[in-house]
Each structure stands twice: as structure tokens, then as C-alpha cells.
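This briefing is meant to be read beside the sequence and the structure.

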Amino acid sequence: MSLILRQAIVDDAPAIAAIYNPYVLETVITFEEQPVHSSETVSRITDTNTAGLPWLVAEQDGLVLGYAYASPWRARPAYRHSVESSVYLAPQAQRLGLGHRLYSMLLEMLKDSGKHTVIGGIALPNAASVALHEKLGFKQTALLEQTGYKFGRWIDTGYWQRLL
């Protein structure tokens, strides 16, 4: 039972969608409101790779247990050294240190690629995500009140930043 952290491939799309969609349907962790189909996940992986950014998966015995990726922070050219990061885990993979391992590898790859700033947006409250980001050296830099509306309530968004 060896754990492998590797670059995502389009064949991982169904497993990634299966991990992500419960977050969409049951939580405010993501502001998406409709499940994401595998074909959309293929597009997202492809777009991330085309942008020269990493999308990683954690796989054990052929089963994808989680993933982490970076996306451009903003479209304007001066933002090209800044990215936003995300990490999601299957329920059975939570609280085992896997998120930390994925995120650490993602940060190292971003640093090696010349990125300067990584930003993590967190729908609040989310103590586990805040703890993970702060353990990895992120500092809270912003709190935006009532930026999302999901499940009949307003949700704040906090932003954590790490300089590489």
C-alpha cells in the first residue's frame, strides 16, 4: 500500500469529480452549486496544464484519494507570478496528513517554476483549511464579508497568502 503523488492526467477526471462533487452538493467549501461532470474536469486539468501549472493527485493502490492544483490568480499580465491554490480530499483520506503532503509538493513545484505568491481562498468558517494553510506558512491577508450565497445564507471568504 504505497502512496504516490503524481501529476494528474485526464483519466483521473472521474475520480477527481467524485471527490469534488460532495463538496459542491453538501458544503460551502466551494461556491459552485451544480455537480461538475468528468468532461468539465478534463477541461480544467487540460487548462491547468496548458497554463504551465501543476495539478497533482494522491493515489494509493490505484485509487485517487485527493488532489491539489494551482490556477492563475488574475488574468492581467502583472499577476503572472501569482496563483491561487486548492486541495480536496476524499472522506477516507482526511486527517491523515495527505492534504499537507499534496500541498507541500504543490508549493515546491510552484516555487521551482518561478511563481512568487500563492493565495488560498477559504469560505469561512473552515477551521481545518485555516489550520492547514497556517501550518504551511500562509498568513491571512484579507476577509471579505458576505461574498457568497449558498444554502440560503451568506458566506464570508478569507484569503491566506504565502510568498515563495
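In this predicted model, helix α4 is followed by glycine 137, whose phi is positive, near 95 degrees. A positive phi near 95 degrees is also found at glycine 114, the residue given as following α3.

**Helix α4**

- The buried residues of α4 are Ser129, Val130, Leu132 and His133, and, seen down the helix axis, they fall within an arc of 165 degrees, so they line one face of the helix.
- The face turned away from that buried side carries Ala127 and Lys135, both of which are exposed.

**Helix α3**

- Helix α3 has 15 residues and reaches 21 Å from its first C-alpha to its last, which is close to the 21 Å expected at 1.5 Å a residue.
- Buried positions in α3 are Leu98, Gly99, Leu102, Tyr103, Leu106, Leu107 and Leu110; they cover an arc of only 160 degrees around the axis, which puts them on the same side of α3.

**Nonpolar core**

- The largest nonpolar core has 40 residues, and those with the most contacts inside it are Tyr67, Leu98 and Leu102.
- The elements that give two or more residues to this core are the helices α1 (13-26), α3 (98-112) and α4 (127-135), together with the strands β2 (55-60), β3 (63-72), β4 (82-89) and β5 (117-124).
- When residues up to four places away in sequence are not counted, leucine 98 touches Leu3, Leu5, Ala58, Leu65, Leu89 and Ala93.
- In soluble globular proteins, nonpolar side chains tend to be buried together.

**Two individual residues**

- Threonine 117 lies in strand β5 and, at 7% relative accessibility, counts as buried, the cut-off for that class being under 20%.
- Leaving aside neighbours within four places in sequence, threonine 117 is in contact with His81, Ser82 and Val83, and also with Gln161, Arg162 and Leu163.
- Arginine 95, by contrast, is placed in the loop between β4 and α3 and, with a relative accessibility of 77%, counts as exposed, a class that requires over 50%.
- Although arginine 95 and histidine 81 are 14 residues apart along the chain, their C-alpha atoms are separated by 31 Å.

**The chain as a whole**

- The secondary structure of the protein chain comes to four helices and seven strands, which, read along the sequence, follow the pattern β-α-α-β-β-β-α-β-α-β-β.
- For 164 residues, a compact globule would have a radius of gyration near 15 Å, and the 15 Å computed for the protein chain agrees with that expectation.
- The C-alpha trace spans about 40 × 40 × 30 Å along its principal axes.
- Of the contacts in the protein chain with a separation of 6 or more, 63% are accounted for by residues 24 or more positions apart.
- Buried residues make up 41% of the 164 residues, while the protein chain exposes about 9,100 Å², of which carbon and sulfur atoms supply 54%.

Conventions. Residues are numbered from 1 along each chain as its sequence is written. This is a predicted model: local features need pLDDT of at least 70, side-chain atom pairs count only at pLDDT 80 or more; totals for chains, interfaces and linings use all residues. Side-chain values use heavy atoms; hydrogens and water are left out. A nonpolar core is a set of buried Ala, Val, Leu, Ile, Met, Phe, Trp, Tyr and Cys residues joined through side-chain atoms within 4.5 Å. Buried means under 20% relative accessible area, exposed over 50%, partly exposed in between (1.4 Å probe, protein chains only). Contact means heavy atoms within 4.5 Å. The expected span of a helix is 1.5 Å times one less than its number of residues. The arc is that of the directions from the helix axis to the C-beta atoms. The radius of gyration is taken over C-alpha atoms; the globule rule is 2.2 Å times the number of residues to the power 0.38. Accessible areas come from the Shrake-Rupley method with a 1.4 Å probe; for residues, only the protein chains shown count as cover.
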